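Subject: Structure handover

Dear colleague,

Please find the structure below, with notes on what was found in it.

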Amino acid sequence: MTHTVAHFGKDLIGIEPLSAEQILLILDTAEPFKEISERRIKKVPVLRGKTIVNLFFEPSTRTRISFEFAEKRLSADTVNITTTGSSVVKGETLVDTARNLEAMRIDMVVIRHGSSGAARFLAERIPSNVVSAGDGSHEHPTQALLDLLTIRDRLAKIEGARVCIVGDILHSRVARSNIYGLTKLGAEVGVCGPPTLMPVGIEELGVRVFRRVEEAIEWADVLNVLRLQLERMQGGYVPSLREYNRVYGVSSARLERVPKELLILHPGPMNRGVEIDSDVADGPHSVILDQVTNGIAVRMAVLYLLAGGAPEKAESAKGGVEE
Amino acid sequence: MSGSAREPLLLRGGRVVDPSQGFDDVSDVLLLEGRVEALGKGLSAPDGARMVECRGLIVMPGLIDVHVHLREPGGEHKETIESGARAAAAGGFTTVCAMPNTDPPIDDPAAVGFVLAEGQRAGGARVYPLGCISVGQKGERLAEVGEMVAAGAVGITDDGYPVMDSGLMRLALEYSLIFGVPVADHPEDLGLSRAGTMNEGLTATRLGLRGKPNASEDVHILRDLMIAELTGGHIHLQHVSTRLGIDAIRQAKERGVRVTAEATPHHMLLTDEAVEGYRTEAKMNPPLRSRADAEAVIAGFCDGTLDVLATDHAPHHYDEKEQAFDDAPNGIVGLETALGLVHTHLVGKGLLDLPTLVERMSVAPARAFGLAGGTLREGAPGDVTLIDTAARWTVAASRFLSKSRNTPFEGWELVGRAVMTVVGGLVVWELEDERS
């Protein structure tokens, strides 16, 4: 069995190991793939004959569906394995799961897992290409890539943009992947959230820390508003959702105080009225649905490159319609 | 294995290092009837004695590790008392103290007796059990400390868990005064360490792993020291890993608080960067900490603030470590690497002299737990370790006598190792392909 090594390695486990050039390569490769989803027949034969397993150990709707659309629009054969609750499938270890999948002669695994490092763990043990769809609080690389693509679409370039990530930085894989991606591409990055949800040493990743969301809004060109998990309230990190909204909620009242062009991103799913108010989510600043659309193109680009596709041929590769 | 029971043993011409009597000279040691018969130059061998040529070797009172997990009963797939006692002997240890966090925990005299009996059967290092502080290690009420001590327990601890209830710790330190045994505590404030699986800091933040701050250990150390001062009890602080914790112990000792404390090789020689790549063999509790903390542990160990070297030998089956980092258990094996690591990296670098190494690995542990070894005085138990300080070797877990191989030191090149371990006058372990 041959598993190809793409322009950024066998796997996509995180943004941290990538160079700026590799990130840009993925974003540039995603551009031609955007158009496929606008066609009447949304299918090209790029990954025909490839078998991809979507292995989701954590509940996920949008990421799993986005990957599945990306795979299907590239004509891959896909299988979804979804287990929830335990980090280990019914007593079977992650190692055994990996070995069994490998024995079924698959080509790629997309893995979502509640434990940080699980994607890398799998990638080190199987020859198939592994794509992380989020591991614990570590990284969610395709989310960061789609965020980068969305910002680039609107601002023309990422370099020099001031992007502030707002919310639960401590537990957020989206925050980490975004910090790596944005700083590598030359953006100025801020993080804003309650000190109880701010990881130690975060400044050493080259970001500035805002304690008050008002200051973050004043500073930023882009706000990436993170979902506040309900468990954080149960864990006592914030006293109540109501109070969180009062102190950190991104509301139109707060935005109106600083009249300027501001992009609002949110990785979803949103808690309307908690971290973001509906009039902001649905308002003119919001590019939240663009993110969803871009997610499919970015994931197509990642799968295409991992399968050995040449970036310069992405345009022609998608030319043929699956017969 | 060589030497038959009760055969006199004459260890001839080695450099005998015994800080318990300020002795450091080329000398002979004669072991007879399981005890040290004589220490001196030109001793003659009694009839039927085995003579061991020790020229170029260090002869020292047997190493003692006051903190090992032998997993039996309940965790025999990781280690048994027998495999642990043999691994200990292979590491140069003549005595180990077994932690009571087994399944079931060692919290009554019968269980203490079981560990002692299995230890005697093992034919390796001596095995002395510690009993639990609290019934079932639940942290609620005192176990039968007196009954356990009468059965052979040499101390009490709830290791694996800290004693979170300060009131219970007070009772334990007071009650233990009756029997003269130390109360050993794993210092960790669980409220502060919360869901942490590694040291809090940049590496944890990058890897997306929850961190345990130094403060989670510091506050517990300070609390234990205060309660020891209040009660006059003997607190033994296990595997100390933080700079401020060590400062606190140093100050408490100056005030006369009865405290002894452990340093582990891994907290001296590794930092939390070893977790990079989600290496579960670098997952332990307390976690590997910062460079500054590791340096503080070395300094504290060298100046004697941390009295004893302890391995916290914590075997786990490879399946258990072959998991995502959060899911893997804490701990590493240490019995077969401790001496080589400390000799190479502390003695070899001039941070510690050999007599002080013997003090920390034999004399002080015996004193802290009131054990009979730790000396080569006439009449002492015939527990002796022979070390070749020039032996170069490479750590290879596949060659461990321990049932487990979870070490972060695989492949490390070390200088110095035990070549013979003698317990009660019997050679219980001897390095193969070495001297005849």
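Predicted model: local features only at pLDDT ≥ 70, side-chain atom pairs only at ≥ 80, totals over all residues.

Residues are numbered from 1 along each chain as its sequence is written, and chains are lettered from A and ligands numbered from 1 in the order in which they are written.

Between the chains, 16 residues of chain B are in contact with 23 residues of chain A (C-beta atoms, placed from the backbone, within 7 Å).

In chain B, strand β17 (residues 413–423) has 9 of its 11 residues buried (20 or more other C-beta atoms within 10 Å of the residue's own, all placed from the backbone). Helices (H or I, at least four residues) and strands (E, at least two) are DSSP runs, numbered from the N terminus. Strand β16 (residues 384–394) of chain B pairs antiparallel with β17(B) over 8 bridges (pairing requires at least two DSSP bridges), and B:I387 stands opposite B:A418. β17(B) is also joined, antiparallel, to strand β18 (residues 426–430) of chain B by 4 bridges, with B:V423 opposite B:L426. Their hairpin has 2 residues between the strands, and B:G424 takes a positive phi near 55° there.

In chain A, helices α5 (residues 141–155) and α6 (residues 173–184) pack at about 55°, with axes 8 Å apart (axes are lines fitted to C-alpha atoms over the stretch in contact, and angles run from 0 to 180 degrees between N-to-C directions). The contact includes A:L145 of α5(A) and A:V174 of α6(A).

Regards

Definitions and conventions:
Contact = placed C-beta atoms within 7 Å. Buried ≥ 20, exposed ≤ 12 C-beta atoms within 10 Å, placed from the backbone.
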